[in-house]
Amino acid sequence: MQRRTVLHSAAALGLFALAPPLFAAGKLKPGAHAALIVVDVQNCFIDGGTLPVKGGAEVVPVINKLSTAFQNIVVTQDWHTQGHASFASAHGSKKPFDSIKLNYGNQVLWPDHCVQGTDDAALHKDLKLPTTQLIIRKGYNKGVDSYSAFQEADRKTVTGLAGYLKARGIKTVYITGLATDFCVAWTALDARKAGFEAYVIEDATRAIDLNGSLAAAWKQMAAQGVKRIQSGDVEGA
Ligand code: VGL
Ligand code: ZN
């Protein structure tokens, strides 16, 4: 039978009613064993905040829409003490975006940002994630930074997130938020290290991009099996 005839017969039988689920088969369907992780969508990282990420606010509608496709959602907040070791102001003549050697290794120094309990550290007001199950805060030990939602920068102290996700049967994490090349990337890399399948949803992130850090982050993530996708790749988003 010729292809055209097949199509005609299919149309006659009403088989095209079956088409939408077939076409959608290529999309990712986060089920009961997947969680959306929304990293640091806080005022500090958005215009008007203390460490604004270019285009930071643009992730908010993308994440709100994505969230409806997930049964499990975890939100993180960068949550520093005053005078935190990651602040340039805590190191005399050092300036924001300089680097310094701390006892656990190299540390980029930042403007004072995301101080516990301030409006600057609050989640962005337009973020609408009512089904969030856990908010995890990080970077609250004064002498140690924590880009990753799993493990502090000393690479020893854990936040408890891996244990929480494992206890709940989560196997796959989809990571969004700010900033792609710091907290998102470190979270994705640690997710892999802890044995999770990890996706980063690129259009639901924005980067700081300091001295090529964005390209380096994507390269490192690819090498560790982090998958780079777009929000349109997720069904229902
Ligand atoms: C972050 C720099 C300092 C982030 C947090 O959320 O990516 N970046 N603290
Ligand atoms: Zn920070």
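**Burial and surface.** I began with how much of the chain is tucked away: buried residues account for 49% of the 237 residues. I'm keeping in mind that this is a predicted model. Next I looked up the accessible surface, which comes to about 11500 Å². Carbon and sulfur atoms hold 57% of that surface.

**Fold.** I went through the secondary structure and noted six helices and eight strands. Walking along the sequence, I wrote the order down as α-α-β-α-β-β-β-β-α-β-α-β-α-β. Then I checked contacts between residues at least 6 apart in sequence, and 75% of them join residues at least 24 apart.

**Zinc site.** Which residues are the protein donors of the zinc ion (ligand 2)? I found Asp78 through OD, plus His80 and His113, each through NE2. These donors lie 2.0 to 2.2 Å from the zinc ion. I jotted their spacing in sequence as D-x1-H-x32-H.

Why is the arrangement around the zinc ion (ligand 2) irregular? I looked at the angles subtended by the four donor atoms, and they run from 86 to 171 degrees. A tetrahedral call needs all angles between 85 and 135 degrees, so the 171 degrees at this zinc ion rules that out. For my own reference, ideal angles for four tetrahedral donors are 109.5 degrees.

**Largest pocket.** I turned to the largest pocket, which holds about 550 Å³ of space. It is lined by 26 residues, and those closest to its centre are Tyr147, Asp181, Phe182, Trp186 and Gln220. I then asked which elements give two or more residues to this lining, and got S4, helix H5 (180–193) and helix H6 (213–223). H5 gives the most, with eight residues.

**A residue in H5.** Staying with helix H5, I picked out Asp190, which is found there. Is Asp190 buried or exposed? Its relative accessible area is 5%, so I put Asp190 down as buried, the cut-off being under 20%. Leaving aside residues up to four places away in sequence, I listed what Asp190 touches: Ser148, Phe150, Gln151 and Arg155.

Conventions:
Residues are numbered from 1 along each chain as its sequence is written. Chains are lettered from A and ligands numbered from 1 in the order in which they are written. This is a predicted model: local features need pLDDT of at least 70, side-chain atom pairs count only at pLDDT 80 or more; totals for chains, interfaces and linings use all residues. Side-chain values use heavy atoms; hydrogens and water are left out. Donors are N, O and S atoms within 2.8 Å of the metal (3.2 Å for Na, K and Ca); water is not among the atoms, so sites may look incomplete. Four donors count as tetrahedral if all angles lie between 85 and 135 degrees; four count as square planar and six as octahedral if opposite donors are over 155 degrees apart and all others between 65 and 115; anything else is irregular. Helices (H or I, at least four residues) and strands (E, at least two) are DSSP runs, numbered from the N terminus. Buried means under 20% relative accessible area, exposed over 50%, partly exposed in between (1.4 Å probe, protein chains only). Contact means heavy atoms within 4.5 Å. Accessible areas come from the Shrake-Rupley method with a 1.4 Å probe; for residues, only the protein chains shown count as cover. On a 1 Å grid over the protein atoms alone, a cavity is a set of points where a 1.4 Å probe fits but cannot get out, and a pocket is an open set with protein on both sides within 12 Å along at least five of seven lines; lining residues have an atom within 4 Å of a point. Grid points are joined across faces, edges and corners, and a volume is the space filled by probe spheres set on the points.
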